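This report describes the fold and the ligand surroundings of a single chain. The sequence and coordinates follow.

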Amino acid sequence: MNNPMVWFAVFMVGLIYYATASNNPEWSGNGNRCVGECYDAYTAQNGTPLEQETQKQELRAQASPADLGKTYYAQCIGCHGANGEGGVGPKLAGQAVDNIISKLNAYRAGQTVGNQSMLMWSVAKPMTDTDINNLGAYVGTMN
Ligand code: HEC
C-alpha cells in the first residue's frame, strides 16, 4: 500500500460513491435533482429520454420532402424571401418544380444560368440530390 496510486484509486471510488449516493435536494451543487418520484412523474408525462429520442427519429423519418425542403430553405430566405417572393434573387414562388431542380443542379455544377449565377454557386455546392429534390418539393408548395 505504499503506492500513492492505490490511495488515489481508493479516494476516487469513495468520491464517486459519495457523489452518487448523496442526492440531497437541499444541496445546490447537485444539478440533477429530478430523481425518484420527480423522475417517475417526468417520464410518465414525457417518456424516458430513449423514448423521446426514438419518437424524434420517427418524426424525422416521416417528414415529407417538402417539410425537409422547408428546413433547408431557411438559408435562402435572405435572398429569395420567406415565401419565395424574390429579393436579391429571383421570385421562386409559382415556378415549376422541374425548373427549380434543374437550375439548382446547374448551379451545383458551376454552370451559368443568369448573369448573377455566381451568387448561387456557393449556395448550391454543398447540396445533395436529396436536398435539391426536397427544395424543389418545398418551392412547389409556394404560390
Ligand atoms: C446570396 C443570395 C442568395 C441566396 C442565399 C440564395 N440565392 Fe438563389 N439566387 C440568387 C440570385 C442572385 C439568383 C439569380 C442567379 C442567376 O443570375 O443565375 C438566384 C437564382 C436561384 C434560382 C433560379 C431561379 C430562376 O428563376 O432562374 C433558384 C431555383 C434558386 N436561386 C434557389 C435558391 C435556393 C433553394 C436557395 C437556398 C438553398 C437560394 N437560392 C439561396 C441569390 C441567392
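In this predicted model, buried residues make up 12% of the 143 residues in the chain. The secondary structure comprises eight helices and zero strands, so that the order of elements from the N terminus reads α-α-α-α-α-α-α-α.

**Overall dimensions**

The radius of gyration of the chain is 27 Å, whereas a compact globule of 143 residues would have a value near 15 Å. The C-alpha trace spans about 80 × 45 × 25 Å along its principal axes. Among the contacts with a separation of 6 or more, 53% join residues 24 or more positions apart.

**Helix H2**

Is helix H2 buried or in the open? Helix H2 covers residues 37–46, and because the number of buried residues among its 10 is zero, this helix lies largely in the open. Just after H2, the backbone at Gly47 adopts a positive phi of about 85 degrees.

**Ligand shell**

The ligand is surrounded by 22 residues, and the closest are Cys76, Cys79, Gly89, Gly114 and Gln116. By class, the shell around the ligand holds 13 nonpolar residues, eight polar residues and one charged residue.

Methods: Residues are numbered from 1 along each chain as its sequence is written. This is a predicted model: local features need pLDDT of at least 70, side-chain atom pairs count only at pLDDT 80 or more; totals for chains, interfaces and linings use all residues. Helices (H or I, at least four residues) and strands (E, at least two) are DSSP runs, numbered from the N terminus. The radius of gyration is taken over C-alpha atoms; the globule rule is 2.2 Å times the number of residues to the power 0.38. A residue is buried if 20 or more other C-beta atoms lie within 10 Å of its own, exposed if 12 or fewer, and partly exposed in between; C-beta atoms are placed from the backbone. Two residues are in contact if their C-beta atoms, placed from the backbone, lie within 7 Å. A residue is near a molecule or strand if its C-beta atom, placed from the backbone, lies within 6 Å of it. Ala, Val, Leu, Ile, Met, Phe, Trp, Tyr, Cys and Pro count as nonpolar, Asp, Glu, Lys and Arg as charged, and the others, Gly among them, as polar.
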